[in-house]
Amino acid sequence: MAVGVDIGGTGVKAALVDVKSGELLSDREKIATPEGGEPDAIRDVVVELIERFDIDDDTPIGVTFPAIVRHGRTMSAANVSKAWIGLEAEQLFEDALGRDIHFVNDADAAGFAEDHYGAAKDASGLVILTTLGTGIGGALIYNGVLIPNVELGHLELDGHDAESRAANSAREREELSWEAWAARLQRYYSHLEFIFSPDLFVVGGGVSKSSEQFLPLLDLKTPIVPAMLRNNAGIIGAAALARGV
């Protein structure tokens with residue numbers, strides 16, 4: 001088993017995970033992300049969450065974060081304080097917890113979980129997870145191996161950041177019909193298909209609950225399916241990566 005912690009712009013969630021099955025072994029604990037999303041405040045929330053679990057000193061802990069993560073350092077910040085940019089974030093949490101952790105981008109953790117336990121469990125070759133939300137998160141997994149820090153929402157497409165036109169927030173902001181939004185998704189996924197030649201697309205984010213409204217409208221050579229693990233994907237992926245699955 002291992003603990004997974006998923007840090008988001010609105011909430012920090014954690015649970016104990018059976019990394020063989022991908023199932024939660026505890027209730028999911030959640031604390032609202034502190035206003036402003038400052039590093040020390042989020043650090044304290046993570047410590048409080050970990051203290052709620054009766055775990056051994058050698059139980060692995062994985063922590064996700066909404067940022068580019070390079071060698072334990074956060075190189076960007078989405079919906080949290082800009083003080084995270086360039087911060088030795090992994091060390092910040094390790095010092096506070098008094099133990100090593102595995103620190104990873106949130107979309108990467110979700111993609112890894114979907115590949116090992118969810119919608120792409122039986123897939124081989126290249127799997128691309130995209131999360132359609134405020135922006136577009138992305139993860140590449142090739143034959144079970146995570147290729148980290150792909151910013152698929154920031155591909156330039158028709159002179160725009162792709163996520164500014166194709167994220168679910170754009171659909172809501174512009175009050176687009178499912179058909180109008182699907183036309184934008186068609187352009188986006190066709191572009192990904194041309195660049196990467198994937199074997200499977202997995203679509204996550206809250207809007208994936210309504211996948212029957214838009215996925216059937218897409219015409220792609222690559223199979224495209226909704227994610228299965230929903231809000232637990234980041235927790236499960238972080239735990240699995242920490243355990244070294």
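Biologist: To begin with the overall plan, how many helices and strands does the secondary structure of the protein come to?

Modeller: Please keep in mind from the start that this is a predicted model. Its secondary structure comes to seven helices and 15 strands. The radius of gyration is 17 Å, close to the 18 Å that the globule rule gives for 245 residues, so the protein is as compact as a globular protein of that length.

Biologist: What box do the C-alpha atoms fill, and what percentage of the residues is buried?

Modeller: Taken along the principal axes, the box that the C-alpha atoms fill is roughly 50 × 35 × 30 Å. As for burial, a residue is called buried when its relative accessible area is under 20%, exposed when that area is over 50%, and partly exposed in between. Buried residues make up 52% of the 245 residues in this protein.

Biologist: Could we take single residues as examples? Is Ile 42 buried or exposed?

Modeller: Ile 42, whose place is in helix α1, has a relative accessible area of 0%, and because buried means under 20%, Ile 42 counts as buried. The C-alpha atom of Ile 42 is separated by 12 Å from that of Val 63, a residue 21 positions apart from Ile 42 along the chain.

Biologist: And where is Leu 229 found, and is Leu 229 buried or exposed?

Modeller: Leu 229 is found in the loop between β15 and α7, and at 16% relative accessibility it counts as buried.

Biologist: Next I would like to understand salt bridges. How many does the count come to?

Modeller: The general idea is that a side-chain nitrogen of Lys or Arg lies within 4 Å of a carboxyl oxygen of Asp or Glu. By this rule the count comes to nine salt bridges. One of them is formed by Arg 52 with Glu 29, where the closest N and O atoms are 2.8 Å apart. This pair links distant parts of the chain, since Arg 52 lies in the loop between α1 and β5 and Glu 29 in strand β4 (residues 29-32), 23 residues apart. Arg 52 is partly exposed, with a relative accessible area of 40%, and Glu 29 is also partly exposed, with 25%.

Biologist: Which residue forms a salt bridge with Asp 44, and which one with Asp 158?

Modeller: Asp 44 forms its salt bridge with Arg 43, the closest N and O atoms being 3.0 Å apart. Asp 44 counts as partly exposed at 43% relative accessibility, and Arg 43 is partly exposed with a relative accessible area of 22%. For Asp 158 the partner is Arg 187, and the closest N and O atoms of this pair are 3.0 Å apart. Here too distant parts of the chain are linked, with Arg 187 in helix α6 (residues 178-196) and Asp 158 in the loop between β12 (156-157) and β13 (160-161), 29 residues apart. Arg 187 is partly exposed, with a relative accessible area of 39%, whereas Asp 158 is exposed, with 53%.

Biologist: What about charge on the surface: which residues gather in a patch of negative charge?

Modeller: The patch is made up of Asp 54, Asp 56, Asp 57 and Asp 58. Of these, let us look at Asp 58, which is found in the loop between α1 (39-50) and β5 (61-65). Asp 58 has a relative accessible area of 63%, and because exposed means over 50%, Asp 58 counts as exposed.

Biologist: Finally, let us turn to the backbone angle phi. What is the phi of Asn 149, and what is that of Arg 230?

Modeller: Asn 149 has a positive phi of about 60° although it is not a glycine. Asn 149 is found in the loop between β11 (145-147) and β12, and it counts as partly exposed at 23% relative accessibility. Arg 230, another residue other than glycine, has a positive phi near 50°. The place of Arg 230 is in the loop between β15 (224-226) and α7 (233-243), and at 43% relative accessibility Arg 230 counts as partly exposed.

Key: Residues are numbered from 1 along each chain as its sequence is written. This is a predicted model: local features need pLDDT of at least 70, side-chain atom pairs count only at pLDDT 80 or more; totals for chains, interfaces and linings use all residues. Side-chain values use heavy atoms; hydrogens and water are left out. Patches are made of residues with over 30% relative accessible area and no salt bridge: like charges are joined within 9 Å, nonpolar side chains (Val, Leu, Ile, Met, Phe, Trp, Tyr) within 5 Å. Accessible areas come from the Shrake-Rupley method with a 1.4 Å probe; for residues, only the protein chains shown count as cover. Lys and Arg count as positive and Asp and Glu as negative; His and the chain ends are not counted. The place of a charge is taken as NZ of Lys, CZ of Arg, CG of Asp or CD of Glu. Helices (H or I, at least four residues) and strands (E, at least two) are DSSP runs, numbered from the N terminus. Buried means under 20% relative accessible area, exposed over 50%, partly exposed in between (1.4 Å probe, protein chains only). The radius of gyration is taken over C-alpha atoms; the globule rule is 2.2 Å times the number of residues to the power 0.38.
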